[in-house]
Amino acid sequence: VAMFMIVIVFIGICFGGVASMFPAFTLDRFGSEHNGSNYGFVFFGYAIGAFVGPVVAAAFKDMGEAPYSIGLVVAAIVCFAGVILSLVLKKRMKSLT
């Protein structure tokens with residue numbers, strides 16, 4: 001039970017850090033003219049990921065594969081794609097300035 005509580009606190013801290021960075025990120029990357037709609041779009045993507053991720057992991061688990069291992073591999077691939085897209089965005093932003 002103690003380890004579970006430690007992990008839950010860690011997840012909460014990470015969520016708070018990410019959620020507080022989204023407005024500043026959208027303002028920095030896309031400007032202030034449409035910051036409200038850009039922030040909503042970015043946070044909507046976060047919400048879709050929070051819904052789809054567990055559903056996909058549960059679907060793989062129900063298929064009889066090793067518990068959640070395929071879902072974790074899919075999550076790792078999506079995270080890697082996010083890193084690549086972030087690097088591409090950073091390069092594009094540097095070329096515009």
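Rings of Phe, Tyr and Trp (for Trp, its six-membered ring) count as a pair if their centres lie within 6.5 Å; planes under 30 degrees apart are called stacked, over 60 edge-to-face, and the rest tilted. With that in hand, meet one aromatic cluster, formed by Phe22, Tyr39, Phe43 and Tyr46. Please keep in mind that this is a predicted model, where local features need pLDDT of at least 70 and side-chain atom pairs count only at pLDDT 80 or more, while totals for chains, interfaces and linings use all residues. Residues are numbered from 1 along each chain as its sequence is written, and side-chain values use heavy atoms, with hydrogens and water left out.

Helix H2 covers residues 35-62, 28 residues in total, and spans 41 Å from its first C-alpha to its last. That is close to the expected 40 Å, a figure that comes from 1.5 Å times one less than the number of residues. After H2 comes Gly64, which has a positive phi near 95°.

Now back to the aromatic rings. Searching the whole structure turns up five aromatic pairs. One of them joins Phe22 and Tyr46 edge-to-face, at 5.4 Å centre to centre and with 75° between the planes. Because Phe22 sits in helix H1 (residues 2-30) and Tyr46 in helix H2, this pair ties together parts that are 24 residues apart in sequence. For accessibility, buried means under 20% relative accessible area, exposed means over 50%, and partly exposed is in between (1.4 Å probe, protein chains only). Phe22 is buried at 15%, whereas Tyr46 is partly exposed at 30%. Phe25 and Phe30 make another edge-to-face pair, 6.4 Å centre to centre with 90° between the planes. Phe25 is partly exposed at 36%, and Phe30 is partly exposed at 44%.

Next, follow helix H1 to Thr26. Thr26 is buried, with a relative accessible area of 0%. Its side chain makes a polar contact with the side chain of Asn35 at 2.8 Å; such a contact is a pair of N or O atoms within 3.5 Å, where within protein one must be able to donate a hydrogen and the other to accept it, and residues adjacent in sequence count only if both atoms are side-chain atoms. A polar atom of the Thr26 side chain also lies 3.0 Å from the backbone oxygen of Pro23.

Finally, look at the largest pocket. On a 1 Å grid over the protein atoms alone, a pocket is an open set of points where a 1.4 Å probe fits, with protein on both sides within 12 Å along at least five of seven lines, and lining residues have an atom within 4 Å of a point. The largest pocket holds about 1,200 Å³ of space, a volume being the space filled by probe spheres set on the points, which are joined across faces, edges and corners. Its lining has 29 residues, with Gly45, Gly49, Val78, Cys79 and Gly82 nearest the centre. H1, H2 and helix H3 (69-96) each give two or more residues to this lining, and H2 gives the most, with 13.

Definitions and conventions:
Helices (H or I, at least four residues) and strands (E, at least two) are DSSP runs, numbered from the N terminus.
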